[in-house]
Amino acid sequence: IWQKDDISVYGGFNGTETNRDQRDWVANETILSGDLGTKGTATDNAYCVLTGPYSQTLNNTIANSYVDGIIVQDGYANSTGSDKFGRYGGGFFTESYVNKIEFVNCIFRNNTAVVGGGVNVSSEFLEKEISFTNCKFLGNKARAGAPFDFGTFGKNQQITITGCLIAENEVIDLDGKLGLYGHGGRSMAYDGGNITIGIANTTWANNKDNSSSTDKILLSVHKRFGSGIGIIVLENCIFSNNDHSSNNLSYPKISNNSNFFGRAVNNCLLDNTTDLNSSASLGLIKGDAQFVNSAAGDYSLKATSPAIDKGVQAGLTLPLRDLAGDFRIQGTEIDMGCYEYNPNVSVKEINNTQLTVYPNPTTDGTIHFEEVLSSVTVYDLTGKVVTEANNVSKITIESKGLFLVKSMNQVVFSVAKVIVD
């Protein structure tokens, strides 16, 4: 928890780095754990592992916070009563005078709550703008909204989820009370306030509902009480091998509940499109995503997957790399889901070195290398290939801007940033 503005929290260090860019959040796990009581016993764990930025007054509003490379696990929010804290957000919970939080390269795993096992975001005190980029929601449990729960509670909320994996989460009966819905997540415009959710290149897989619930809705979106409006847009996403995947984007049909105003699903792969409760859809594919080994937690794509090259990047702001650290767009277009199919060896599995190029910046677009390189690929900041060549000692970039140059020589990848002005 912190009570100051503009705080950034980074994980992934081993203690020998001299620069933040040298950290490796995959190899050097930075774990915040709620397992505070008897080790391995969940019921005596902390109600909430991470609240992050926290302010009790409007005058001390925390406008911006950034969290990168942190694992949040083993929260257990099963308190009784009506307060949200202690019942909502076993992994991460926010509702105070906090505005914008960015999560990048984070994992929310093995958390349990009444509502929002992995994450809960409430806008009761202040409008919220929360983003998750290249994050994982794994093995979280709740009665409602197992991986995440987003609710306005009177004030506006904007949620962005990009390049994330939402897998193996579960709606459960908890402390004698029946499970509800949302084993793939829940979003609600509650008692006023508008909620806007944009989700791109995210994969839902192996999410379960083994509870006594009668609703069993995978990704639940709805309005309850008040005049709030809900809009959700899904682009380039995958839904595969989830329990009860029919009637997706729906809601419990009880008094005072109603549809989100807008529910758009574009360029997505679903293994079940039965009764998809979308208000607009385009470019849907029905079929098996063909993961490499989902039983072992590998949700990358096989070479035969129908999701390859079937996404649409136009109009989206996406990170340069996918969830595995590979460059986006290996083929003719971006793939659906959080992993880009890469027929070559992964960048994260081999040695990375700094590539020496000159001149840099360059005025005529031509850069030179210290030796002949077996392959060179130039990417713009959207991840699109600008130019590429084999067995060259120089290459020319025809347009101006900032570019990423990736080279390979003797199975060693090197990377450099180049400015053409």
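1. Basis. Residue numbers start from 1 along each chain as its sequence is written, and side-chain values rest on heavy atoms, with hydrogens and water left out. Because the model is predicted, local features need pLDDT of at least 70 and side-chain atom pairs count only at pLDDT 80 or more, while totals for chains, interfaces and linings use all residues.

2. The nine-stranded sheet. An open sheet is formed by nine strands in the order β1-β3-β7-β11-β15-β19-β23-β26-β28, with parallel pairing. Strands are DSSP runs (E, at least two residues), numbered from the N terminus, and two of them pair if DSSP finds at least two bridges between them. The edges are taken by β1 (7-10) and β28 (280-282); each has a single partner strand, so one side of each lacks a neighbour in the sheet.

3. β7 (residues 98-104) and β11 (residues 128-133) are joined in the parallel sense over five bridges. Within this pair, K100 has E129 in β11 as its bridge partner.

4. Pairs involving β9. Strand β9 (residues 112-115) pairs in the parallel sense with β5 (residues 76-77) over two bridges, and A77 stands opposite A113 in β9. β9 also pairs in the parallel sense with β13 (residues 141-144), over three bridges; there, V115 has A144 in β13 as its bridge partner.

5. Residue T51. T51 lies in the loop between β2 (31-33) and β3 (62-68). Its relative accessible area is 18%, which means that T51 counts as buried (under 20% relative accessible area, with a 1.4 Å probe and protein chains only). Leaving aside residues up to four places away in sequence, T51 touches I1, F85, F92 and F93, where contact means heavy atoms within 4.5 Å.

Terms used: Helices (H or I, at least four residues) and strands (E, at least two) are DSSP runs, numbered from the N terminus. Buried means under 20% relative accessible area, exposed over 50%, partly exposed in between (1.4 Å probe, protein chains only).
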